[in-house]
Amino acid sequence: MDGYTEVFEIEGAEPIKLRFGHIARQADGAVWIQQGGTIVICTACASEKSVDTDFVPLTVDYRENFSSSGRIPGGFLKRDGRPNEAEVLVSRLIDRSLRPFFPKGWRRETQLIAILESYDPNYPADVLAGLGLSAALALSSIPTEQIVATARIIRKDGQFFLNPPTAHMEETELNLVVSGTWDSIVMVEGEMQEVEESILVEALRYAHEYIKQLVQFIERIRERYGKPKAALEPAPNFPEVAQRLEELLRDKLYAIVKSSLAKQERREAFDKAFQEANDALVAQNPDWAFPEVQKFASAYYAEMKRRIMREVIINEKVRLDGRRPEEIRPIWCEVGVLPRTHGSAIFTRGETQALATVTLGTKHDEQIIDYATQQGTKKFLLQYNFPPFSTGEVKPLRAPSRREVGHSHLAERALRQVIPTTGDFADYTIRVVSDILESNGSSSMATVCAGCLALMDAGIPIKAPVAGIAMGLIWMGQDKYAVLTDILGDEDALGDMDFKVAGTAKGLTACQMDIKIQHMPYEVLEKALLQAREARLYILQKMLEVLPAPRNELSPYAPRIYRLPIPSELIGAVIGTGGKVIQEIQRSTGTTIAIEQDEKGGVAVIYAQDKAALEKAASIIREIISEPEVGQIYPARVKLLKEAGAVVEFMRGKEGFLHISEIVPYRVKKIQDVLRVGQELLVKYLGVDERTGKYRVSHKAVNGEGKSHPRSLPHERKPTSLPRRGARPSHRSS
């Protein structure tokens, strides 16, 4: 069966092809999306029955098969396993784009799956997966309120490029993934090299024009090939209960919203108010105790709370904690709070608190990336942890959640732009860990601030300090809206936008935006960005009051680095057979050594806890790579005896041949009479044997010179005296 094929042409790149009707035919909706050699199979399925939940039961999973890039998975099992971080991040990105457009009454479990089956390095799969799943939804019977399309936009050399080949994505000034509908942008995530806010807005406008073309493309496919959409189950409605709740709760909710209570106290006040109202309902009519009525009452109460909070903010410009829309919560910071870490800091903003630590490691500590579409190493790592006590809850500690992985990635992007890439610090592996100790809104941006301070406390010369802030929005129309600075958790849940922005005093380094409404004008987005800039500069000022600049010295517990150039032809001598030489240097000096090589030569990167160990290791390597000077005298050790002479090691790692006639000034019949393996002695370097290419040395030529030569052995390691004869022949051996 051939199925159907639809093609979307792209200027300067391979077209996007959608094929459907011939694969995964038992799924509700399925497409084969292709650009170049990258192919993703995208499916949408929904359960037959609804589930009892108060949210859309949606799951989005993106997977990359190793076979897509012609590779076999590493490890023991040799099969594609649990999702890696890259797959989790793409799954989250697609989920955040599509979830807002499921109808509120949709309660059937829905699963969207995208599987990368073929990978062309020129065309990334993440954007294709998002577009393919949107098309699969459009073809299915699963209802959505809007069609969403996804695109990548970069800025390079002052120009914008849409869905560019991978080769164009290096050294970009801006790299964003943007999702949108015909009306507006709905999701943004990406990183920037300290760009101005106006450039970000320009990029979003540029991307949206392209997204609108993709939306039209999918709309045409839906109209021509799509299935009829499933009907929503009618929502239960109890008008008398709604009216009674309004009478019992409206004034109480207004009072709580305007009381500026702390998070836990506010939650308790809300719960108490509802419980009292609910008890009054049941007392009035016992039938209202039935589960379906209780569920309606709970949902109506939540909507009341949302509505009243928004009315107070819009009409009275007062937020849940008493702040004005543009105000930031009180901030305090402290650095160097953990004595044994390489760097540490606490950043507290209101009821949100992050404790960040920095650890400096060696090249051997780099994270190895071995994904289907990515291979290599990673030197800068940021990991965000969200323990349950941060919100006063009791939950089991498990592997990092998708949320933790996503927040880690966002904060890492924000700080990665200022990590030094040249000089000694380019050789360090840097790990930042943020433990959230309290959470009431924007813990990811608190992580950015705490992480920046911890980097400075560790003495890492970052290019510029970075701060982050989360912005919100209450939208009730073109002339009735409020942009909120430093949003609370409740304002995030009940508001219309969550816009996280991080950057330096110069410009933006990362952003993440989720918009829950349609038709939001770009003027509002610009206002939010400018308001965020003022907040960011204020937070930076508070941070710099605690630590104005990176410390001049590293922690005494952090490794030091020394780079020693090595000629390419001598790298093997430093490493030794099977790594024997370099392992012995590391063992004897307590250092860690990494060898790097490029077209210019090699470098030994030495990591040590103290200067003495570092200098000792460097001295040994210098001895290995330095060339002997003809006529100089060196200490040596006998390694091997042969009939014609002995192989001796001198200048650490260099082997010379000591001919039997160059040992003593008399004839030797048997070499064992004068030398033994392991014996130490002084030798004079004679040069390279033209016939064999080996070093030639002589002990006989040392005579009286060696005793006072500066390169001779120290007193406690004087070479063993050679045996002498009582009666020696008067002639020299021939």
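## Three-stranded sheet

Three strands make up an open sheet in the order β22-β24-β23, and their pairing is antiparallel. Strands here are DSSP runs of E of at least two residues, and helices are runs of H or I of at least four, both numbered from the N terminus; two strands pair if DSSP finds at least two bridges between them. The edges are taken by β22 (560-566) and β23 (592-598), each with a single partner strand, so one side of each has no neighbour in the sheet. From one strand to the next, the twist averages 20°.

β23 pairs with β24 (residues 601-608) in the antiparallel sense over seven bridges. Isoleucine 595 has alanine 604 in β24 as its bridge partner. Helix α13 (residues 611-625) lies across β22, β23 and β24 and runs at about 5° to β22. Contact means heavy atoms within 4.5 Å; axes are lines fitted to C-alpha atoms, for helices over the stretch in contact, and angles run from 0 to 180 degrees between N-to-C directions.

## Basis of the model

The model is predicted: local features need pLDDT of at least 70 and side-chain atom pairs count only at pLDDT 80 or more, whereas totals for chains, interfaces and linings use all residues. Residues are numbered from 1 along each chain as its sequence is written, and side-chain values use heavy atoms, with hydrogens and water left out.

## Five-stranded sheet

A mixed open sheet contains five strands in the order β11-β12-β13-β17-β16. β11 (331-335) and β16 (380-385) stand at its edges with a single partner strand each, so one side of each is left without a neighbour in the sheet. Direction ignored, neighbouring strands are turned by 15° against each other on average.

The pairing of β16 with β17 (residues 429-438) is parallel and spans six bridges. Phenylalanine 380 has isoleucine 430 in β17 as its bridge partner. Helix α8 (residues 443-457) packs on the sheet and touches β11, β12 (343-349), β13 (352-361), β16 and β17, with its direction at about 145° to that of β12. Helix α10 (residues 522-546) also packs on the sheet, touching β11 and β12, and its direction makes about 35° with that of β11.

## Cysteines

With a disulfide defined as a pair of cysteine sulfur atoms within 2.5 Å, the count is zero. The sulfur of cysteine 45 lies 12 Å from the closest cysteine sulfur, in cysteine 42, and is therefore too far for a bond. Cysteine 511 is in no disulfide either, as the nearest cysteine sulfur, that of cysteine 449, is 16 Å away.

Cysteine 511 is buried, with a relative accessible area of 1%, while cysteine 45 is partly exposed at 33%. Buried means under 20% relative accessible area, exposed over 50%, and partly exposed in between (1.4 Å probe, protein chains only).
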